[in-house]
Amino acid sequence: MTVMTDALVPALEDAREAHEAVVDRLRADVTATPSGPYRQMLERQVDDVQDSLQRIEHHMRELRPRSGLVGDSVDTARFISRSAVRTVMLPLTIGSTLVTNMLRGRRPNDERRLLRNAQDEYAVTARALAACRAGQSIAEEVHDQATADLLAALRRQDEELLERLEDSVAQNARAVAAAANGFVQENGGGWADAAARAVRTVAGRVQDVAQTGSRRARGAAGGAVREMPEPTRMAEEVQGAVTREEELPIARFSQLSVDEIQQQLRTLSQSDLTVIEGYERTHSNRPPVLDAIGQLRGTEPWPGYDTMDPDKITAQLQNVPASVARQVQEYEQRHQQRQKVISAAQARTTP
């Protein structure tokens, strides 16, 4: 059993599963889509993706050893390659509902259904694209040009489909907004613009995550287990992009000066910082605010730290190594600056 096979077969399995989901989604939506160019495009894509599945299956048969795959190295490769893809799905799930959140159910049912379908098509295609990018990176790292060429071709096909679907999502979002009880006429197209911005936000995050997944996959090919990016942060950033101002963790956000916002950022959890970041990037996009958020970003000393009160933190400090106590001290000094916590952390690190 070779390292090449151990790394490539799980990656190809992921690509196959992702493209099977694309076929299932497109087939389901074809029956609900009115006759016309868009439905014809979906039907053509079903045929194209089915052809891709046959190519993947044929190549897997050439690579797969007769005895099958066993061992920790295979499990590690499968975990990392799939994790590179799974990080895409959470923000895309939010993307499938973000326009729904903005429009609050005031759309005609047919238009809303078509919009949801387009969002779901976009999500599964993005997953397939991420699988191909991760697999291509693994193939290139182990110098299997045939597999790299196959996945590169499938990746280009997915990218083309994703562009078409992105346009479809934006068009359907504008149609839904325009039909929402005359809101657009009263507000100068505000919902349509907001919907388009939200779509662009999700599209940008898909591209970023897919590229990150490719980089992580290279580590998998070399046998290195590296920490995968947290999908939660991306989900929160996308959620922040479509959160209403009154729901932000900083009250009256748009009415505050940059200095006032910077003062309040220190009190926020990492999760809330991410929501604010997503909102700011989609709206004002002020460098001083984004820079201040960046300076406060970091890993909590331990999971759930941000939600604990000072008494619980100081109690927990009695049971952690000195290295963790130093992390608490540094983290606290950058954020809420609670003297009780800082003193307890210093005491824990003092010999």
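**From a buried glutamine to the ring pairs**

Gln-157 has its place in helix H5, residues 145-178; helices here are DSSP runs of H or I with at least four residues, numbered from the N terminus. This is a predicted model, in which local features need pLDDT of at least 70 and side-chain atom pairs count only at pLDDT 80 or more, while totals for chains, interfaces and linings use all residues. Residues are numbered from 1 along each chain as its sequence is written, and side-chain values use heavy atoms, with hydrogens and water left out.

Gln-157 counts as buried because its relative accessible area is 19%, and buried means under 20% (1.4 Å probe, protein chains only). Setting aside neighbours within four places in sequence, Gln-157 is in contact with Asp-48, Val-49 and Ser-52, where contact means heavy atoms within 4.5 Å.

Now for the rings. Rings of Phe, Tyr and Trp (its six-membered ring) pair if their centres lie within 6.5 Å, and planes over 60 degrees apart count as edge-to-face. By this rule there are three aromatic pairs. Phe-253 and Tyr-279 have ring centres 5.8 Å apart and planes at 90°, so they meet edge-to-face. This pair links distant parts of the chain, 26 residues apart: Phe-253 lies in the loop between helix H8 (231-242) and helix H9 (258-265), and Tyr-279 in helix H10 (residues 270-282). Phe-253 is buried at 1% relative accessible area, and Tyr-279 is buried at 9%.

Tyr-305 and Tyr-331 are also edge-to-face, because their centres are 5.4 Å apart and their planes at 85°. Both Tyr-305 and Tyr-331 are buried. Ring pairs join Trp-302, Tyr-305 and Tyr-331 into a cluster.

Technical notes
Helix = DSSP H or I, 4+ residues; strand = E, 2+ residues; numbered from the N terminus. Buried < 20%, exposed > 50% of the residue type's maximum accessible area, 1.4 Å probe, protein only. Phe/Tyr/Trp six-rings, centres within 6.5 Å; stacked < 30°, edge-to-face > 60°.
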